Amino acid sequence: MKKLRFSKRFVPLVLALVILLTSVLSLTGCSSKQTMYLFNYGDYIDPDVYDLFEEEFGIRVVVDEYAAPEDMYAKFTAGTATYDLICSSDYMIEKLIGEGRLAAINYENVPNFKNMAEEQLNAAKSFDPELRYTVPHFWGTLGILYNTETVAAADVQSWDVLFNGKYADRIIMPNSERDAFFVALTKLGYDGNTKNEAELNAAADLLSKQKGDVQAYLLDEAARVKLESGNADIAVIYNGEAYLAFENNDKLAFAVPSEGTCIWMDAFAIPQNAENAAYAEQFLNFLCRADIAKMNFEYIYYSTPNQAVVDALDEEILSETAIFPHNSVYENATVFKYLGTEIEQLYSKLWKNVKA
Amino acid sequence: MTNKRNIWLTGPYLVWIAGFIILPLLVILFYAFTNPAGNFTFSNITAAVTDITNIKAFGLTMLLGFLATAICLLLAYPLALCLTKLKIKQKSSVIFLFILPMWMNFMLQMVAINVILEDNGIINMLLSSLGLPNMHIANTFGAILIGMVYDYFPFMLLPIYNTVSRIDKDLINASKDLGASSFMTFLKVTLPLSMPGVISGITMVFVPAISDFAIAEMLGGGKIMLIGNVVEMSFTKGQYFQGSGLALILMLFVVASSLIPGDDEAEASVEGGVVLP
């Protein structure tokens with residue numbers, strides 16, 4: 001009897017201890033291996049690249065993915081996870097630099113950085129003026145993907161097509177506040193980086209009015225699939241997605257409206273609190289290597305800033321304007337700037353009102 | 001004595017509750033009454049209930065919650081009654097059919113519903129082939145409602161079925177012996193005895209329905225914001241303080257709706273086999 005009582009009392013305790021110990025062990029077990037933690041947009045690097053990197057350098061890459069730069073910022077600054085390398089967009093990088101959250105990259109450890117095209121490095125200076133913190137990944141423009149059977153090519157020469165009600169219920173708008181507001185601001189003739197409250201309010205009003213004609217607010221792949229399947233006729237989308245869409249549906253075409261568009265650039269940066277900055281630099285050098293950059297290019301078909309890749313491409317793909325836009329696109333293109341916390345909050349508030 | 005000793009067995013779960021339920025609740029409580037400077041404030045709460053966008057979202061959420069619960073109840077109750085009349089073997093296979101969708105990943109279910117409802121989707125293809133005009137359901141309030149009913153239906157069916165199937169047949173026979181019609185028997189015997197199941201079904205559908213954001217996000221095309229979406233948006237944009245204020249208000253609704261009275265009393269009456277007057 002005594003024995004029974006003993007076990008009755010201690011079995012649960014032992015069980016609890018075992019559970020606690022195994023959970024602690026399994027958590028610490030991972031960090032003993034050489035590991036680099038990357039925080040990236042979803043599906044933005046060919047998964048095979050990680051395997052090749054691990055094979056060659058013995059460093060495992062653990063990737064966390066996010067959808068919108070604001071999500072990244074919230075998680076990154078919450079400090080719940082430490083990353084060795086992050087990838088984000090122009091204005092978000094600018095914000096992180098401004099807040100002193102990024103560490104300068106030692107470019108001597110990234111010799112393949114020489115592959116970067118001069119023009120793209122100049123564009124990168126809009127958010128990293130001295131080029132001390134970043135390595136560009138991809139760049140591109142916002143434009144209109146449309147169905148040539150149902151939409152007249154002349155219509156998509158202006159952003160007006162999204163607001164005049166002609167294609168009501170067939171329109172997909174981007175589910176990202178900066179992109180959606182950029183379209184409305186440009187249509188109203190305002191600067192895409194405006195901090196003027198009246199102008200932003202006017203853009204929000206325009207977007208609210210437009211909402212009745214919008215079928216859905218979607219990003220990237222989700223928007224592309226709607227057009228490929230013929231469920232929508234017009235989508236505001238990044239050029240790289242457009243090229244993928246052509247492969248799946250040859251009735252689709254891409255246009256950049258004449259009022260101008262925005263040029264975005266996504267780049268890698270090393271956080272100030274990175275634990276393995278050396279691994280991150282090694283990985284960056286790997287990404288800049290011509291063969292690996294080509295793998296990534298052929299995985300995503302976004303415009304690559306890697307000159308070595310561009311030089312090796314054939315004429316057919318270089319002439320594809322959805323990937324390599326005409327020079328005229330640059331002339332009235334805006335690069336997103338970080339607008340400060342106050343305007344950022346105004347954006348959030350207005351965007352919430354538009355969507356609700 | 002034995003009860004006291006067995007309390008040890010709850011140890012692991014108590015640790016779980018403390019770490020993953022109590023602690024996060026305290027964090028939310030803290031954020032809800034704090035401003036970004038770290039001072040005590042009520043402004044997150046007042047903003048949560050005075051902002052016109054939030055009120056609109058609350059209204060939509062409640063409407064959707066009520067409709068989804070009502071539809072689930074209307075579909076599940078008659079079905080539960082029919083199920084009890086089936087033979088044991090048929091019973092288990094029919095119930096199996098209703099639980100089957102839960103084997104599939106939730107995201108896949110929603111993607112599939114979207115494909116069915118889309119403008120070029122399966123429903124519209126069928127309508128066109130019959131020469132009927134197309135319906136525009138995708139990315140509307142209706143689409144979210146369909147998604148919710150689909151997703152939460154088993155949670156309404158199972159509790160109702162469990163209580164209905166436990167009703168003593170003798171009570172129903174007695175009611176008929178005493179001259180009650182089938183309808184009166186249902187009204188005076190079956191319905192009151194099934195109330196515990198109905199109430200737990202309502203709670204199990206209404207509570208998740210009003211705190212949901214994923215269904216609205218996936219089936220609403222980002223055009224309809226429920227209160228869950230507003231909370232999610234606040235948190236992903238790093239506005240923890242406003243988000244926590246909203247979450248706290250939402251929690252009040254959840255707590256209120258799970259306090260629907262009569263639960264214990266009705267449960268006791270079933271176990272005791274006594275019909276309430």
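Residues are numbered from 1 along each chain as its sequence is written, and chains are lettered from A and ligands numbered from 1 in the order in which they are written. Because the model is predicted, local features need pLDDT of at least 70 and side-chain atom pairs count only at pLDDT 80 or more, while totals for chains, interfaces and linings use all residues; side-chain values use heavy atoms, with hydrogens and water left out.

**Chain B as a whole**

The C-alpha trace of chain B spans about 70 × 70 × 35 Å along its principal axes. Of its 277 residues, 39% count as buried; buried means under 20% relative accessible area, exposed over 50%, and partly exposed in between (1.4 Å probe, protein chains only). Contact is taken as heavy atoms within 4.5 Å. Among contacts in chain B between residues at least 6 apart in sequence, 71% join residues at least 24 apart.

**The interface**

Now show both chains. In this view, 30 residues of chain B are in contact with 30 residues of chain A. The two chains bury about 2,600 Å² between them, 52% of it on carbon and sulfur atoms; buried area is the accessible area (1.4 Å probe) that two parts lose on being put together, summed over both. Between chain B and chain A there are 18 residue pairs in polar contact, both residues at pLDDT 80 or more. A polar contact is a pair of N or O atoms within 3.5 Å; within protein, one must be able to donate a hydrogen and the other to accept it, and residues adjacent in sequence count only if both atoms are side-chain atoms.

On the side of chain B that touches chain A, the elements giving two or more residues are α1 (2–6), α4 (52–85) and α12 (227–236) of chain B. Of these, α12(B) gives the most, with four residues. The residues on this side of chain B divide into nine nonpolar, 13 polar and eight charged. In this division Ala, Val, Leu, Ile, Met, Phe, Trp, Tyr, Cys and Pro count as nonpolar, Asp, Glu, Lys and Arg as charged, and the others, Gly among them, as polar.

Select α12(B). Seven of its 10 residues are buried, so the helix is largely enclosed by the rest of the structure. Among the buried residues are B:I227, B:V230, B:V231 and B:M233. The buried residues of α12(B) pack against α15 (341–355) of chain A together with α4, α10 (182–211), α11 (214–219) and α13 (240–257) of chain B.

Next, select B:G222 in the loop between α11 and α12 of chain B. B:G222 counts as buried at 3% relative accessibility. Leaving aside neighbours within four places in sequence, B:G222 is in contact with A:Y217, A:K355 and B:E217.

Two salt bridges are counted between chain B and chain A, a salt bridge being a side-chain nitrogen of Lys or Arg within 4 Å of a carboxyl oxygen of Asp or Glu. For one example, select A:K226 and B:E118, whose side chains meet in a salt bridge (2.9 Å, N to O). Both A:K226 and B:E118 are buried.

Stay in chain A and select A:E228 and A:R224, whose side chains also form a salt bridge (2.9 Å, N to O). Both lie in helix α8 (residues 220–228) of chain A, four residues apart, about one turn of the helix.

**Strand β6(A)**

Select strand β6 (residues 171–174) of chain A. A:I171 and A:M173 point one way, A:I172 and A:P174 the other way, and all are buried. Four bridges join β6(A) to strand β7 (residues 214–218) of chain A in a parallel arrangement; strands pair if DSSP finds at least two bridges between them. Within this pairing, A:I171 stands opposite A:V214. On pairing with strand β8 (residues 234–238) of chain A, β6(A) runs in the parallel sense over two bridges, and A:I172 stands opposite A:A235.

**A:Y279**

Finally, select A:Y279 in helix α10 (residues 277–288) of chain A. A:Y279 is buried, with a relative accessible area of 17%. A polar contact of 3.0 Å joins the side chains of A:Y279 and A:Q34.
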